[in-house]
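My notes follow the order in which I checked them.

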Amino acid sequence: MSATKTAAKGKPNNLIAGATGDWEVVIGMEVHAQVASNAKLFSGASTAFGAEPNSHVSLVDAAMPGMLPVINRECVAQAIRTGLGLKAQINHRSVFDRKNYFYPDLPQGYQISQFKQPIVGEGEVEIDVDGETMKVGIERLHLEQDAGKSLHDQHPDYSYVDLNRSGVALMEIVSRPDLRSSKQAQAYVTKLRTILRYLGTCDGDMEKGNLRADVNVSVRKPGDGLGTRCEIKNVNSIRFIGQAIETEARRQIDIIEDGGKIDQETRLFDAAKGETRSMRSKEEAHDYRYFPDPDLLPLEFSEAYVEELKSGLPELPDEKRTRFMKAFGLSAYDSDVLVAERSSADYFESVAKGRDGKLAANWVINELFGRLNKEGKEIEASPVSAAQLGSIVDLISSNAISGKIAKDLFEIVWTDGGDPAKIVEDRGMKQVTDTGAIEKAVDEIIAANPEKVEQAKAKPSMLGWFVGQVMKSTGGKANPAAVNEILKAKLGI
């Protein structure tokens with residue numbers, strides 16, 4: 001199914017075609033981001049990933065009688081930093097509540113969360129989709145503890161429980177229902193993930209479950225009120241978020257057009273089957289019997305504390321993107337690519353410092369990122385350092401080497417390492433700028449190809465053939481600009 005139709009101007013209008021006309025999908029997101037912290041929200045147990053089952057469980061996490069929760073100060077700070085990064089209201093007083101429900105991997109029989117008084121209030125995230133910028137409203141961010149994990153594939157007759165995740169701090173970031181397409185939802189989660197990684201408040205690793213989304217989907221006729229929503233739980237990849245939305249929107253449209261009605265429920269997305277399936281009827285807040293946790297005092301902090309945290313924030317992606325465009329004359333697209341990860345942006349800035357920003361961006365994006373993607377490496381594992389790539393850019397800018405030689409040099413540095421300038425010197429890779437030597441090569445090519453000479457005089461576009469031959473005869477070392485000028489003069493073009 002295609003989730004959008006194309007409007008008259010060529011831009012998607014985000015409407016979905018149905019048998020009875022067009023439909024609009026309405027999407028709200030609840031993103032659960034694991035707080036980057038060494039210890040859990042209410043205990044000192046480790047949050048390290050991949051440990052043996054039940055090896056990172058304190059008496060508090062296991063809900064042993066008489067054990068009391070103690071708030072982790074760093075988790076609070078991380079939530080405030082995130083709120084500031086989302087341009088959100090920071091609530092100086094918030095309350096922890098008990099959210100009551102039974103599940104085998106929830107030892108307490110309740111989850112400590114926040115309900116009416118969260119730590120962070122309204123904010124916004126700016127996204128770019130289909131060439132347009134839009135703002136997605138953030139309704140709230142609250143802190144809560146994660147549950148454990150039920151394992152159903154360890155024994156034919158029994159389920160096992162691993163409590164290593166029990167008590168790990170989560171930030172639940174709730175958006176307003178402002179999204180109108182799967183593409184917008186994907187852009188929103190991608191941008192949110194980038195902001196969290198820049199802030200250092202969540203590593204955003206979706207494969208480990210450190211960032212996962214509950215996606216609320218409903219459909220309506222354009223202009224109508226909101227339809228009945230279904231929540232798709234625990235979607236753990238950007239690609240699956242898009243697929244789940246499109247699948248669920250089509251399911252709801254088909255039901256309504258067949259005369260049925262949508263039941264408000266929680267569903268799971270099965271990527272292998274390309275379908276959503278019912279998990280349970282959707283609970284409302286009163287079903288959880290929220291009440292303030294009697295073991296935890298209200299969380300209170302001063303404006304001075306918030307300002308102190310704010311002063312330590314890094315430059316965020318939107319600001320960095322704007323600066324790259326102004327300082328280096330980059331396009332919006334190139335800037336977006338470079339700021340997608342903080343490490344990529346830092347690498348580029350090191351290469352571009354004191355150099356031609358556009359040339360540096362071209363080499364970072366096309367050569368470096370292209371090669372990293374091909375080999376499945378992250379930029380932190382790049383065999384070519386920013387200093388080495390900067391040296392290659394210097395050699396191009398000074399006309400010491402041509403673009404073609406630069407690519408050969410990049411390959412050598414990638415494979416063998418070394419100082420680019422020394423490699424060029426030692427291997428005789430310097431560009432030939434001596435016009436006498438170039439002229440000699442040009443004369444030899446012209447003398448050997450009289451028919452081509454006549455063709456070039458009649459059809460100047462043939463000049464490219466001669467340039468190629470001269471570059472070939474000089475091993476790619478001739479200065480291309482000089483070759484062009486000398487050829488034009490010799491051929492009278």
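**Loop entry**

I looked up Gly274 and found it in the loop between β13 and β14. Strands here are DSSP runs of E with at least two residues, helices are runs of H or I with at least four, and both are numbered from the N terminus. This is a predicted model, where local features need pLDDT of at least 70, side-chain atom pairs count only at pLDDT 80 or more, and totals for chains, interfaces and linings use all residues. Residues are numbered from 1 along each chain as its sequence is written, and side-chain values use heavy atoms, with hydrogens and water left out.

The cut-offs are under 20% relative accessible area for buried, over 50% for exposed, and partly exposed in between (1.4 Å probe, protein chains only). Gly274 takes a positive phi near 65° in the hairpin of β13 and β14, which has 4 residues between the strands.

I then listed contacts, meaning heavy atoms within 4.5 Å. Not counting residues up to four places away in sequence, Gly274 touches Thr247 and Phe269. I also checked Gln243, 31 residues from Gly274 along the chain: their C-alpha atoms are separated by 7.7 Å.

**Strand entry**

Next I took β13, residues 265-270. I found 5 of its 6 residues buried, so β13 is largely enclosed by the rest of the structure. Two strands pair if DSSP finds at least two bridges between them. With β14 (residues 275-281), β13 pairs in the antiparallel sense over 6 bridges. Arg267 has Ser278 in β14 as its bridge partner.

On β12 (residues 230-235), I found 2 bridges to β13, and these strands run parallel. Glu231 stands opposite Thr266 in β13. I traced the chain from β12 through helix α3 (residues 238-257) to β13 and noted a left-handed β-α-β crossover. The right-handed case is a path that runs clockwise from the first strand over the helix to the second, with the strands pointing away from the viewer.

**Arginine entry**

I placed Arg98 in strand β4, residues 97-100. Arg98 has 13% relative accessibility, so it counts as buried.

Which side chains make polar contacts with the side chain of Arg98? I found Asp293 at 3.0 Å and Asp295 at 3.0 Å. A polar contact is a pair of N or O atoms within 3.5 Å; within protein, one must be able to donate a hydrogen and the other to accept it, and residues adjacent in sequence count only if both atoms are side-chain atoms. Leaving aside neighbours within four places in sequence, the contacts of Arg98 include Tyr110, Gln111 and Phe291.
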